[in-house]
Amino acid sequence: KAESAKVEGLIQILNGDWSAGYESLKKGMGAKDTDVITYIASSYAAFKSSKTDKWQQLLKEAEEKFISAWGAIGTQWGINRTMAQIHALLLINEKSLSAEEIMSKLNISRGNVNMNVRDLMSWGLVHKVLKFGERKEFFTAEKDIYKTAIQILRERRKRELVPILNLLGELESNEISDKKSEHFKKVVGDIHQFGNKTNKILDKMSRADENWFTGSLMKILMNK
């Protein structure tokens, strides 16, 4: 009966009925007021701790799923899985992380971290953070997704489209007069023309944030 009264009292308190809950606890415990108050405080602390642990576990699982998914997506826009996972980890962390923290969270080697962080910095997606009094290097990712998308667009254009256009330009300028080459030159010329138009569109999009009106319009379109 005493244990039943204690459970009933705690339930009443959790439901907001402090007066009834207090009386039930006092009756079940047969204790002084100070002992009842101490019991309530310790029970509440244990309850709050269990809920905090639960939410922390759910958050950890969600973060792991996001990092894994971002790693798979990254391979679609030209970077390796580990590089994308490091980017995801830095993206979801408010504070900058050291190489040691990245190693621990993703279970990868220091060499792997250093190489991929360096590549992410060359893409303009990750930046080094200096902390006063710290000898370690810390890193953070750009948190503005719009700026991140634009930067990825710029880098893919520079690394993939521009080299192809340069090659097509060289092929198109070759002085080949053979009749059999006419079809080849026409196909190359058409691809080159289409590629140049695409390049101009991508160039305008990548420079949108430099123009207030265009940048604002792009953000509106992306938010729809």
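Predicted model: local features only at pLDDT ≥ 70, side-chain atom pairs only at ≥ 80, totals over all residues.
Two strands count as paired if DSSP finds at least two bridges between them. Helices (H or I, at least four residues) and strands (E, at least two) are DSSP runs, numbered from the N terminus.

Residues are numbered from 1 along each chain as its sequence is written, and side-chain values use heavy atoms, with hydrogens and water left out.

The three strands form an open sheet in the order β1-β3-β2, and the pairing is antiparallel. At the edges are β1 (97–98) and β2 (126–129), each pairing on one side only. Between β2 and β3 (residues 138–141) there are four bridges; K128 has F139 in β3 as its bridge partner.

Next, the helices on the sheet. Contact here means heavy atoms within 4.5 Å. Axes are lines fitted to C-alpha atoms, for helices over the stretch in contact, and angles run from 0 to 180 degrees between N-to-C directions. Helix α4 (residues 81–92) packs on the sheet and touches β1, β2 and β3, its direction making about 85° with that of β3. Helix α6 (residues 110–123) also packs on the sheet, touching β2 and β3, at about 110° to the direction of β2.

How do α4 and α6 pack, and at what angle? Their axes are 9 Å apart and the angle is about 75°. That makes α4 roughly perpendicular to α6, a label covering 65 to 115 degrees. On the α4 side, T82, M83, I86 and H87 take part, and they meet α6 residues including V117, L120 and W123. The contact has six nonpolar, four polar and one charged residues. Nonpolar covers Ala, Val, Leu, Ile, Met, Phe, Trp, Tyr, Cys and Pro; charged covers Asp, Glu, Lys and Arg; the others, Gly among them, are polar.

Definitions and conventions
Parallel < 35°, antiparallel > 145°, perpendicular 65-115°, else oblique.
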